[in-house]
Amino acid sequence: MGSRMKVCVQGLGYIGLPTAAMMALAGHEVVGYDVDARLLQSLENGAPHVKEEPVRALVVGALNGGHLTLSDTLPADAEAYIVCVPTPTIDHKPDLSFVQAASSAVAPLLRAGDLLIVESTVPPGTMDRVVVPALLAAGVDPDTIAIAHCPERVIPGAIVKELRENSRVIGGRKPGDAERARTLYATFTSGAIFTTDTVTAELVKVIENTYRDVNIAFANELALLSEELGVDAHEAIALANNHPRVNILSPGPGVGGHCIPVDPHFLSNANPFVTELIQTARRINERMPHVVVRRIGEYLAPRSGARIAILGAAYKANVDDTRESPTERLEELLHERGYTTTVFDPVAERYRGMLSASLEDALRDADAVVLMVGHDAFAELDPAAIGPLLRRRLLIDTRAFLPAERWAAAGFDVYTLGGKRRDPLHFVTAS
Ligand SMILES: NC(=O)c1ccc[n+]([C@@H]2O[C@H](COP(=O)([O-])OP(=O)(O)OC[C@H]3O[C@@H](n4cnc5c(N)ncnc54)[C@H](O)[C@@H]3O)[C@@H](O)[C@H]2O)c1
């Protein structure tokens, strides 16, 4: 195996596509394969579906450079196959059908000495219990193949930078397998590469996201407690974070994306009895859209015909991804209570609900503005210009993102999630 390899990337989504492009630009001959014909067509047309500009530029550069080609069939002659297919949950249970299908599809093409890498985030044990059995079922002796799990840990919004610079954890199935994968990744990443066994690598990825979920749940719990105490949770957390061994994340209206709210279930499903903290954190975070609805209800009664303008459909700031977005859940809950809603997002394009064509459309005749996502584009909103469009001047800021004093000066009632309430919910008194 030379330093330039023929590589096939299976699954050209948020992760597979930039990974394929990165490898092509490092000089490898890369074939990008996906089961989605429309996605392949848009790439052929030079219009990647991932809108993050550095990703788009990287992909267009790789396609124009000629080292990245696209195919609707798996190539038989690749030396390395990289699986980047989805791993969602259904009813909080891992759905490994995509990994299973991808492994079964590639298995008959594998020849002795090939390298099979799974980048998808998977529950611990998946390489041994799903991937290897798929090879065995196709008559492939897994001992003749180098098999590795190299979980992807980039953050949407900085994918290209992090693909290049992040450290990596590579788990190999047998001695030497992780080293084989390292040889490939070292051609395009500058971050440290740590090697281990497959199940440890599977666990590492999942505990990283679970750690964040638990930390956010703690911040959310602090936000609700602080509201009762008449304290600004954001100020308290910032002050606590000055301590060298404290790093609490920010409270918010829920946790979205298809990683942080999903991956903890990979652990709690493995053993529900020893994962109480993880499950509780999940429940706290899933409850946050309900908290937002309750706060809205303190100002605008359910079934009063109130119209709520929601700002932000993406699951987090400055990304177009709306998967598992708390806004989706918020809208459902509001509709159940008889509110009508509009949603505006200048970044997101694909959303399960309806997006307003413009900010003005979303705001017109609304009784409340609910900020769900701290997109940069919302930072400059002018409350004095917005006020006249509304039926009632009420701002519910779930991210402590907008300057509350400026909005209050423009005549808005302002509620900030975790902010200091002038009327604490309950005074705590010494008994
Ligand atoms: N998006 C992220 O920020 C991120 C970060 C770290 C890890 N991950 C993990 O990476 C994996 C991929 O995530 P993603 O965001 O790229 O998903 P995605 O949904 O954006 O893309 C997955 C792609 O795989 C394709 N696909 C499905 N089955 C296939 C098959 N059998 N063969 C070929 N292609 C197939 C789909 O058509 C789709 O284009 C997941 O396990 C995810 O948890 C994602």
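Ala400 comes out as partly exposed, with a relative accessible area of 34%; here buried means under 20% relative accessible area, exposed over 50%, and partly exposed in between (1.4 Å probe, protein chains only). This is a predicted model, in which local features need pLDDT of at least 70 and side-chain atom pairs count only at pLDDT 80 or more, while totals for chains, interfaces and linings use all residues. Residues are numbered from 1 along each chain as its sequence is written, and side-chain values use heavy atoms, with hydrogens and water left out.

Ala400 sits in the loop between β14 (394–397) and α16 (404–409); helices (H or I, at least four residues) and strands (E, at least two) are DSSP runs, numbered from the N terminus. The phi angle of Ala400 is near 50°, a positive value in a residue other than glycine. Most residues other than glycine have a negative phi. Asp365 also has a positive phi, near 65°, and belongs to the loop between α13 and β13 (368–371). With 42% relative accessibility, Asp365 counts as partly exposed.

Gly353 is in another loop, the one between β12 (340–344) and α13 (359–363). Its relative accessibility is 32%, so Gly353 counts as partly exposed. Along the chain Gly353 and Val343 are ten residues apart, and their C-alpha atoms are separated by 8.4 Å.

Turning to the ligand, 24 residues surround it, and the closest are Ile15, Asp34, Thr87, Thr121 and His258; a residue belongs to this set if one of its heavy atoms lies within 4 Å of the ligand. Sorted by class, the shell has 13 nonpolar, six polar and five charged residues. Ala, Val, Leu, Ile, Met, Phe, Trp, Tyr, Cys and Pro count as nonpolar, Asp, Glu, Lys and Arg as charged, and the others, Gly among them, as polar. Both domain 1 (6–191) and domain 2 (209–416) supply at least three residues each to the shell, with bounds taken from an automatic or database domain assignment.
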